[in-house]
Amino acid sequence: MSEKKRKRTSLDAGQRPSKRAAIVQKEPDSIRVMLIPEEDEWAPVIGMIISASTPGLSLPTNTSMTPYTKTRKNDTASTGKSLLSKSEHLLHTSSHAKIDYTARQEEGGVAGGLLQHYLGVYDPQSGQLQLVRARKLVLRASVRPVPSAPGEVVKQSNGLSARNALGLTFGTKKSQRAIDSITKNAISPAKQRSAPGHLDPIASAVVSSMAAPAPTRDELQAAVDESKPRPKSNLDAETPADVYPTEQLVGGPTILAQMTIKGWQDAIDADEEILTKSRFVSHRVQGIVKGGDVRRLKCLRYLLLLLEWYSALQSTHKGSSRRVPPSEKLQQALAGWSSFLIDSVSQRFAEGGGGGNTVSRWHLDLLITHICALAVTVDDAFTTNVHDLGRDLKLEVKDTKKYFREIGCSVGPPTESEMKRRRWTKKDVVARLRLPLIFPKMRVPVGRRGGR
């Protein structure tokens with residue numbers, strides 16, 4: 001016989017059920033929010049694991065990471081009032097046998113830099129919510145390269161190793177010696193780690209990820225100006241005469257003393273015409289001799305030496321570079337100049353300090369800028385007409401203007417007073433050395449706007 005199921009009897013009114021009833025806690029009517037102020041640059045961390053490049057990897061819960069911090073020098077995203085905004089943090093660990101974990105701040109654009117994160121702790125009994133500023137770090141995992149055993153050479157690809165094995169077995173003696181030399185000279189990772197100055201994985205990760213701030217535009221401009229082929233200018237000069245000192249332009253007081261000017265002075269006293277290989281020098285030597293300025297006359301004499309040395313250079317198949325002719329031909333081209341002065345010019349403007357016979361484009365520009373600086377120095381009021389010098393250098397007007405601008409001159413048409421006093425025309429181009437100097441600025445590439 002089948003037994004009938006007994007129905008559950010209802011409880012009496014005074015009897016309590018055996019199952020404990022859920023306790024419903026009453027929520028407070030209001031929540032008080034309190035922001036904990038920042039006392040230093042250390043703060044809690046909110047982690048974000050990037051596993052798209054390394055799927056299946058996760059950070060173990062018992063992993064401890066070493067913190068690193070540095071001060072931000074070029075912080076444009078933050079206002080600079082917050083302690084957390086003035087520093088950058090990085091966490092790194094290599095405790096895992098094969099994987100390195102690195103967590104660092106990654107702010108994408110201006111919006112990412114202005115975004116702030118907070119952690120909150122809520123107490124339901126008191127109804128108080130405490131908020132504290134936190135840092136968001138992005139965690140990335142990278143597989144550590146397997147180090148080779150001591151004495152083991154760097155392994156090559158399978159195809160190259162098989163080819164070397166065949167070469168050692170069936171190759172000629174010459175090929176066997178070559179393969180053996182490559183194997184002996186290979187650098188193993190163990191040798192690289194033992195080299196002086198080699199960083200351990202932790203220090204290497206910190207140094208590579210926390211790079212130095214990029215140089216400012218003024219620092220880049222100063223580096224570019226320092227490397228340009230032009231005479232060194234005195235930026236603290238109070239007069240144009242102090243911008244390019246005479247001894248510096250001619251290569252020292254010894255070279256200036258070697259400039260003989262008595263022949264020019266005697267010829268002008270005898271009312272003889274002085275003809276040189278330079279239009280610039282021939283048009284100015286008489287006026288400077290009659291003016292009695294010996295220093296300017298010696299500078300003009302050295303300028304003539306540079307122009308004749310420039311004209312004696314031979315063209316090469318390398319395009320813009322030139323070649324210094326042999327000593328005998330150079331001495332014939334510069335007849336009337338001592339070998340000491342000729343060698344001094346070659347040592348200043350030839351590649352290798354006179355030991356070589358090549359004048360590169362950089363050295364050629366250095367020579368031309370020195371010639372331009374001497375031209376404005378010997379001319380009246382540090383103002384010169386660029387046409388005569390351009391013809392001596394066999395340059396177009398636009399190139400001559402460019403060289404004068406490189407030494408800080410302003411280039412433009414002559415004024416009304418200059419046209420009357422020097423008999424210049426409106427077609428002439430005049431270079432003026434004035435203070436403050438105006439040098440060409442570094443060009444900043446303009447980004448292409450989005451279009452079709």
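**Reading the salt bridges**

Modeller: A search of the whole structure finds eleven salt bridges, each being a side-chain nitrogen of Lys or Arg within 4 Å of a carboxyl oxygen of Asp or Glu. This is a predicted model, where local features need pLDDT of at least 70, side-chain atom pairs count only at pLDDT 80 or more, and totals for chains, interfaces and linings use all residues. Residues are numbered from 1 along each chain as its sequence is written, and side-chain values use heavy atoms, with hydrogens and water left out.

Colleague: Which parts of the chain does the pair K228 and E406 link?

Modeller: Helices (H or I, at least four residues) and strands (E, at least two) are DSSP runs, numbered from the N terminus. K228 and E406 form a salt bridge, with their closest N and O atoms 3.6 Å apart. K228 is in the loop between α6 (217–227) and α7 (246–250), while E406 is in helix α17 (residues 397–406), 178 residues apart.

Colleague: Where do D365 and R361 lie?

Modeller: Both are in helix α15 (residues 361–378), four residues apart, or about one turn of the helix.

Colleague: Is D365 buried or exposed?

Modeller: Buried means under 20% relative accessible area, exposed over 50%, and partly exposed in between (1.4 Å probe, protein chains only). D365 has 15% relative accessibility, so D365 counts as buried. R361, at 32%, is partly exposed.
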